[in-house]
Amino acid sequence: MDWLMGKSKAKPNGKKTASEEKKVYLEPEHTKSRITDFEFKELVVLPREIDLNEWLASNTTTFFHHINLQYSTISEFCTGETCQTMAVCNTQYYWYDERGKKVKCTAPQYVDFVMSSVQKLVTDEDVFPTKYGREFPSSFESLVKKICKYLFHVLGHIYWAHFKETLALELHGHLNTLYVHFILFAREFNLLDPKETAVMDDLTEVLCSSPGSSGATGDGTSSGASGAQNHVKER
């Protein structure tokens with residue numbers, strides 16, 4: 001659990017790539033792709049007679065497995081050479097170990113840190129109890145928020161650095177559906193800081209205001225894009 005006490009800091013990476021000039025994942029023919037038109041806003045609401053922590057635990061574990069699976073489809077393209085830093089748009093993320101030491105790592109290393117750490121948490125009976133009578137720790141909600149933050153980084157990297165591969169594999173509908181479900185769930189329970197997600201505001205606005213998401217109002221335009229590009233500061 002110690003790894004979560006450190007911070008994964010972000011700062012503008014100062015580089016402007018071809019994908020930053022034109023974000024392929026924002027093109028209308030791609031953003032409308034889904035594997036279902038289910039109303040996710042209804043799906044994420046806490047059901048009656050279900051404990052909040054149980055609901056958070058169940059969904060967080062599911063999102064972890066699905067995001068891990070989605071990343072695995074493009075992992076062969078995410079290497080130390082192609083992704084020398086963990087970048088999303090103009091933002092670069094750094095990993096901090098349990099001692100608070102800044103770890104210089106490539107994107108695949110960062111993702112491995114995230115996935116292996118979250119795997120340990122969701123299989124720890126003291127953190128994610130599955131047996132009857134076991135209680136959740138008092139810090140559970142804050143742990144879930146930190147897990148969601150790191151999972152968001154992974155989703156963002158897939159879009160930013162590997163959307164073309166995802167498109168070639170015809171898995172962009174799966175990615176879009178997963179992103180909408182994850183974001184709407186996080187919104188429902190305030191699990192993600194808006195400053196953290198600002199880097200992907202343009203995509204979020206388009207996907208979460210589209211039919212089938214019911215997660216936001218608006219006309220689906222990307223009015224938040226320019227603000228997101230310069231919003232992220234080192235944290």
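Predicted model: local features only at pLDDT ≥ 70, side-chain atom pairs only at ≥ 80, totals over all residues.
Reader: Thanks! Which residues of α9 are the buried ones?
Author: They are D202, L203, T204, E205, V206, L207 and C208.

Reader: Can we zoom out? How many helices and strands does the chain have?
Author: There are ten helices and five strands. The chain has 235 residues, and 48% of them count as buried.

Reader: What share of the contacts comes from residues 24 or more positions apart?
Author: Such pairs make up 75% of the chain's contacts, counting those with a separation of 6 or more.

Reader: Nice. Now the helices: how do α6 and α7 cross?
Author: Helix α6 covers residues 140–168 and helix α7 covers 172–188; their axes come within 11 Å and cross at roughly 160 degrees. The two are therefore roughly antiparallel to each other. Their crossing is left-handed.

Reader: Which residues make that contact?
Author: On the α6 side you'll find C148, L151, F152, L155, I158, Y159, F163, T166 and L167. From α7 come H172, L175, N176, L178, Y179, F182 and I183. Sorted by class, the α6 contact with α7 has 13 nonpolar residues, three polar ones and no charged ones.

Reader: Is E170 buried or exposed?
Author: Exposed, as its relative accessible area is 62%.

Reader: Where is E49, and what is its phi?
Author: E49 is placed in the loop between α3 (40–44) and α4. Phi of E49 is near 65 degrees, again a positive value in a residue that isn't glycine. E49 is exposed too, with a relative accessible area of 84%.

Reader: You mentioned α4. How does that helix cross α7?
Author: Helix α4 spans residues 52–72, and its axis comes within 11 Å of the α7 axis, with a crossing of roughly 155 degrees. Angles over 145 degrees count as roughly antiparallel, and α4 and α7 are therefore roughly antiparallel to each other. The crossing of α4 and α7 is left-handed.

Reader: And which residues meet there?
Author: W55, L56, N59, F63, H66, I67 and Q70 of α4 meet H174, L175, L178, H181, F182 and F185 of α7. By class, that contact has eight nonpolar residues, five polar and no charged ones.

Reader: Changing topic: where is M86, and is it buried or exposed?
Author: M86 lies in strand β2, and it is buried, with a relative accessible area of 0%.

Reader: What does M86 touch?
Author: Setting aside residues up to four places away in sequence, M86 touches T91, Q92, Y93, C105, T106, A107, Y110, V111, H153, V154 and H157. M86 and V154 are 68 residues apart along the chain, and their C-alpha atoms are separated by 8.7 Å.

Reader: T106 is on that list. Where does T106 lie?
Author: T106 lies in the loop between β5 (102–103) and α5 (107–122). T106 counts as buried because its relative accessibility is 16%, and the cut-off for buried is under 20%.

Reader: What does T106 touch in turn?
Author: Not counting residues up to four places away in sequence, T106 touches G80, C83, Q84, T85 and M86.

Reader: Last one: where is T79 found, and what is it in contact with?
Author: T79 is found in the loop between α4 and β2 (86–88). Leaving aside neighbours within four places in sequence, T79 is in contact with Q84 and P108. The C-alpha atoms of T79 and A107 are separated by 7.3 Å, and these two residues are 28 apart along the chain. T79 is partly exposed, at a relative accessible area of 27%.

Key: Residues numbered from 1 in each chain as written. Heavy atoms only, no water. Helix = DSSP H or I, 4+ residues; strand = E, 2+ residues; numbered from the N terminus. Buried < 20%, exposed > 50% of the residue type's maximum accessible area, 1.4 Å probe, protein only. Contact = heavy atoms within 4.5 Å. Axes fitted to C-alpha atoms, helices over the stretch in contact; angles between N-to-C directions. Parallel < 35°, antiparallel > 145°, perpendicular 65-115°, else oblique. Left-handed = near helix turned anticlockwise from the far one by under 90°. Nonpolar A, V, L, I, M, F, W, Y, C, P; charged D, E, K, R; others polar.
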